[in-house]
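Subject: Structure handover

Hi,

Here is the structure I promised to pass on. Please open it first, then read my notes below.

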Amino acid sequence: MITFSRRIQQASWRTRRQRLGTILLVIVGVVMVAALYLDVAARTTLVGREIQNLERETVATKAENANLKTELARLLSYHEIAGRSEALGFRRATADELVYLTVPGYVGQEAVNLVIDNGTSVQENVLTDAYTQSLFDWVGNQVLGGGR
Amino acid sequence: MRREYAWRSVVIAVLFAFVGLAIIVQMVRLQISPDISEFRGLVERNKGWMEVVYPARGEIYDRKGYLLAGNQTVFELGVTLDQIENAEYIADTLARVLDMDTSILLSKMTDVSDEQVYVMLVDFVSGETAEKIKKIKADIEEKRDGPYLEGQESLAGLHFREHLSRSYPEKTIAANVIGFVNQSERGYFGIEEKYNDLLAGNPVEVWIPADPNRVEEIPHVPDGTTLVLTLDRELQAATENILDDALDTHGAQSGTIIVMDPRNGEILAMASAPRLDLTNYSDYDNLFDEAIEYNRAINMPYEPGSVFKILTMAAALDSGTVTPDTAYTDTGFYEIGGAVIHNWDNEAWGVQDMTGCLTHSLNVCLARIAVQMGTEDFYDYMVRFGIGHPTGVDLSGEAGGRLRVPGDSDWYTIDLATNSFGQGVTATPIQMMMAASAIANEGTMVTPHLLYGMVRDNKQYNFPSQDAGRPIRRDTALTLNEMLANALLGADSLAILPGYRLAGKTGTAEIPTESGDYSSAATNASFIGWGPVDDPQFMVYVWLEKPSSSIWASQTAAPVFAQVADVTTQVLNIPPDIIRQQYALGLGQ
């Protein structure tokens, strides 16, 4: 048994191959980690750029919204509507011409509620953890959090 | 064989070692380079930039959701100095389109320091005008078929930066209430000034990183708060039309009309003349001599005259000094403090009850009642009614008026008598509204206000009304309410609105001259009234300054009140009394 072991140890090419294999293994490991980092960094950058573009779009949309609201308000302004009504032959009713009806359930005109309830909610943090945590954070989460 | 090819490995190893070494050498060289500060500056500049983010100013709506003040895109036009090819042409073009002086524009581009890279030429250019200039620029660039030649048409270097600015789609409607925002985004007058901090939001200086990985560091700057007012646009516009017509018809110098809900203090309309077109607020100096003229309803105290008698009568009834049936013999004059008080017509009206005193608006009667009540009680009630103090209405610049009381150096015994019929005391129309709300609202006085609610983060917060005290008892208020309704009918007033039982009182006040005397030729004509008497839902105050068609409020302010009441009942859907009572009894169809 001892004789066999010595023979193997004495094969220098085998020893060199083992060392080379170890070095290659380390290099491959480092390259994999680097590639992973690069991939995550690239994806984070792309999302970041997308967010920057969306921010710009939001600003532009808000401005457009404001312009449209103003334009709509101009078209519906009192003098505009009064002018169009008069042109169409409408006039304010006199007291004698008014007819009052009971409308069941109608409690009179209430003040406006400007809150828009469109049934959607905006998630505050749109980025998943993958874009914000480091590799060590991720490993920690996998180990401690049971691999969510 | 292996040794034969070993040199290849050596070459590759040397190559890699050389590249690595070169990188290290370059890194070290950069660190010790004399240009390091320049490199660092370059890095810093490209990392990001500081920017002041101005949140969009909050909008203002009326109670039905009509936009009264919004925002719209405008443009700042400026030049990047090192990109300019033909400064004269830029100046000429802008001057032509914007109707400006060429030399001023040109000097802005030429009188610059060495460090300047950008010059702002003009701001707040409308989108339409900016588009015109952009088109000219695009046309020139399209025609260009080579490099710039000296003297050639060129708008190179001209840049357009868009930003939001205030817009007022209703122009003059409610201008006195809304106020305006100037080019430095500061609110002046009315709601714009009172709620400037809420509307404007908080400008924040933020670091904008160029690195997309740091995008989360950019803070979110919330827009200004949107406000919903108690105003009703339709009623406001109708009231303003009535006021403008009244000024023409009665030859008054100016005036104001307020419509308020006496149950909660919500101001439904507040018209004041003259009014500014908010889209052209530079006209301010042409329209107003003093700031207090901007909104007479709250800014301008005046001697209200006989409308004040309702407060004197309320105090007298509440203190038990008189009852509605108390008999009084009017002799037409009353001597007090070395002076003689006369009735408006210098006549004696004989035996009257308290309703008669109000119907015929007898100065002598009210002066006697005030004296009978006593100085302490009279002024105590007037203070309880809030006379001499601002109401706290949520508009900027409210005046307080003046109530001289015993102990003041300028108070005399005669003041008790004259104050009882609204002379020698000053109050703003809004103060009179608040005081009289106690009579219409069963003894509880309400604080007049314009803010109905505000919207922030997609949530609307509505504000409850606020009581301003209880100066008189409920039964006193109900009694006086009836007396005033009867007085209006008894006087066969022009304020009567067919189908509705209303309560109200005229006020014709002489105007003090600079010498301290009173002029009978020029008066302030007022009317305060509310209805329907059995369930007051609106209260109207009319003030016409120096009407020339008649000096009497019964001929000028009273019919204006009837017009406003007519429109108000229509806009608020208040049926005539008989229909309302039928429905209340379940007899309506």
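Predicted model: local features only at pLDDT ≥ 70, side-chain atom pairs only at ≥ 80, totals over all residues.

Chain A first. Its secondary structure comes to four helices and zero strands. Read from the N terminus, the elements go α-α-α-α. Chain A has 148 residues, and 3% of them count as buried.

Now chain B. This chain has 20 helices and 20 strands. Its radius of gyration is 35 Å, whereas the globule rule gives 25 Å for 589 residues. The value is well over the rule, so chain B is more spread out than a compact globule. Along the principal axes, the C-alpha atoms of chain B fill a box of roughly 140 × 60 × 60 Å. Of the 589 residues in chain B, 44% count as buried. Take the contacts in chain B with a separation of 6 or more: 72% of them come from residues 24 or more positions apart.

Next, a sheet in chain B. Strands of a sheet pair through backbone hydrogen bonds, either parallel or antiparallel. Here we have an open sheet of five strands, in the order 11-10-20-19-18, and the pairing is antiparallel. Which strands sit at the edges? They are strand 11 (267–273) and strand 18 (503–512) of chain B, and each pairs on one side only. On average, neighbouring strands of this sheet are turned by 10 degrees against each other, direction ignored.

Zoom in on one pair. Strand 10 (residues 254–260) and strand 11 of chain B are joined in the antiparallel sense over six bridges. V259(B) has its bridge partner, A269(B), in strand 11 of chain B.

Helices pack on this sheet too. Helix 9 (residues 233–250) of chain B lies across strand 10, strand 11 and strand 20 (538–545) of chain B. It runs at about 30 degrees to strand 11 of chain B. Helix 17 (residues 429–440) of chain B touches strand 10, strand 19 (518–531) and strand 20 of chain B. The direction of helix 17 makes about 145 degrees with that of strand 20 of chain B.

Last, where the chains meet. On chain A, 26 residues are in contact with 37 residues of chain B. Which element of chain A gives the most to this side? Helix 2 (residues 12–75) does, with 14 residues. By class, the side of chain A that touches chain B has twelve nonpolar, ten polar and four charged residues.

Best wishes

Definitions and conventions:
Residues numbered from 1 in each chain as written. Chains lettered and ligands numbered in written order. Contact = placed C-beta atoms within 7 Å. Helix = DSSP H or I, 4+ residues; strand = E, 2+ residues; numbered from the N terminus. Nonpolar A, V, L, I, M, F, W, Y, C, P; charged D, E, K, R; others polar. Pairing = 2+ DSSP bridges. Axes fitted to C-alpha atoms, helices over the stretch in contact; angles between N-to-C directions. Buried ≥ 20, exposed ≤ 12 C-beta atoms within 10 Å, placed from the backbone. Rg over C-alpha atoms; globule rule 2.2 N^0.38 Å.
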